[in-house]
Amino acid sequence: QTLREQFRKTGIQYEDPDFVCNADIFCTEKENPEGEFEIEFERPPFDEDNLEFFDVEQHSTVTYNIEHEFKITRGILNDKFFIGALLMLFKKKEEFFTNLVIDYEHIKENIRAGFCGFTFFINGEWTDVTIDTRLPAHQRGEFSLSKSILPKAPYWISLFEKAYAKIFGSYTVLNNTLLKDFLVDFTGGWSKMIRLPKDNIEEKH
């Protein structure tokens, strides 16, 4: 509410002082040794009339199938487990995701004011995080994080990734976290790895 009030008074969108927008937090020198990516941070062109993450009343879905008619397009990070967790949890029930959005009932106003907030289950407790809406874009003028290609708010995944990255201080966490850990952090549940004997798998095939 305070950030919205500041925007109403000044007309200046929020800029996060705690998660500074620079290339160092996006990828390390080891991951980008030849400087292939020249990262700048920009605010995406949010549609003023369409700022909600999901059209819950219309029961829109995030879909994925073997014909690759999925509606998430990957960015330039190796965030396959992050995206996999999203698809597993949210493709059938958008409300599951909106529960992770702080102050969802005011999301349009918040995005307009240049910020949004999410909550994650980190180290055994729910942790709230607020970010600004500036997102990394690489030298081709394209935004660098994964995004939805649904007409409804295509950048919600990018903002979700940025919020998760802020908790750990760098976007590289999106490359180095296991699927089971993302599932725990998104749900507050617990995970258990079950190893199947290789011989049994081969026999069934």
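Are Phe118 and Phe160 buried or exposed? Both of these residues are buried, and the legends below, which describe a predicted model, return to them after an overview of the protein.

**Figure 1. Overview of the predicted model, with its helices and strands.** The protein has eight helices and seven strands. Of its 205 residues, 42% count as buried, while the protein exposes about 12100 Å², of which carbon and sulfur atoms supply 49%. Among contacts between residues at least 6 apart in sequence, 70% join residues that are at least 24 apart.

**Figure 2. The largest nonpolar core and the elements that supply it.** This core has 39 residues, and those with the most contacts inside it are Phe82, Phe118, Phe120, Phe160, Tyr164 and Phe186. At least two residues of the core come from each of α2 (80–90), α4, β4 (115–122), β5 (125–132), α5, α6 (173–176) and α7 (179–187). Helix α5 gives the largest share, which is seven residues. When its neighbours within four places in sequence are left aside, Phe120 is in contact with residues including Trp126, Val129, Phe160, Tyr164, Ile167 and Phe186.

**Figure 3. Aromatic rings of Phe82 and Phe182.** The structure holds 16 aromatic pairs, and one of them is formed by Phe82 and Phe182, an edge-to-face pair with 5.2 Å from centre to centre and 85° between the planes. Phe82 belongs to helix α2 and Phe182 to helix α7, so that this pair links distant parts of the chain, 100 residues apart. Phe82 counts as buried at 0% relative accessibility, and Phe182 counts as buried at 0% as well.

**Figure 4. Aromatic rings of Phe118 and Phe160.** The ring centres of Phe118 and Phe160 are 5.3 Å apart and their planes stand at 65°, and the pair is therefore edge-to-face, since planes over 60 degrees apart count as such. Because Phe118 lies in strand β4 and Phe160 in helix α5, the pair ties together parts that are 42 residues apart in sequence. Ring pairs also link Phe82, Phe118, Phe120, Phe160, Tyr164, Phe168, Phe182 and Phe186 into a cluster.

**Figure 5. The salt bridge between Arg4 and Glu109.** Side chains of opposite charge can pair when their charged atoms come close. The count in this model comes to eight salt bridges, and in one of them the side chains of Arg4 and Glu109 meet with 3.9 Å from N to O. Arg4 lies in helix α1 (residues 2–10) and Glu109 in helix α4 (residues 107–112), so the pair ties together parts that are 105 residues apart in sequence. Arg4 is buried, with a relative accessible area of 8%, whereas Glu109 is partly exposed, with a relative accessible area of 31%.

**Figure 6. Salt bridges of Lys166 with Asp16 and of Asp132 with Arg134.** The closest N and O atoms of Lys166 and Asp16 are 2.8 Å apart. This pair links distant parts of the chain, for Lys166 is in helix α5 (residues 156–168) and Asp16 is in the loop between α1 and β1 (40–42), 150 residues apart. Lys166 counts as buried at 18% relative accessibility, and Asp16 counts as buried at 3%. In the salt bridge of Asp132 with Arg134, the closest N and O atoms are 2.7 Å apart; Asp132 counts as buried at 0% relative accessibility, and Arg134 is buried with a relative accessible area of 16%.

Definitions and conventions:
Residues are numbered from 1 along each chain as its sequence is written. This is a predicted model: local features need pLDDT of at least 70, side-chain atom pairs count only at pLDDT 80 or more; totals for chains, interfaces and linings use all residues. Side-chain values use heavy atoms; hydrogens and water are left out. A salt bridge is a side-chain nitrogen of Lys or Arg within 4 Å of a carboxyl oxygen of Asp or Glu. Helices (H or I, at least four residues) and strands (E, at least two) are DSSP runs, numbered from the N terminus. Buried means under 20% relative accessible area, exposed over 50%, partly exposed in between (1.4 Å probe, protein chains only). Contact means heavy atoms within 4.5 Å. Accessible areas come from the Shrake-Rupley method with a 1.4 Å probe; for residues, only the protein chains shown count as cover. A nonpolar core is a set of buried Ala, Val, Leu, Ile, Met, Phe, Trp, Tyr and Cys residues joined through side-chain atoms within 4.5 Å. Rings of Phe, Tyr and Trp (its six-membered ring) pair if their centres lie within 6.5 Å; planes under 30 degrees apart count as stacked, over 60 as edge-to-face and the rest as tilted.
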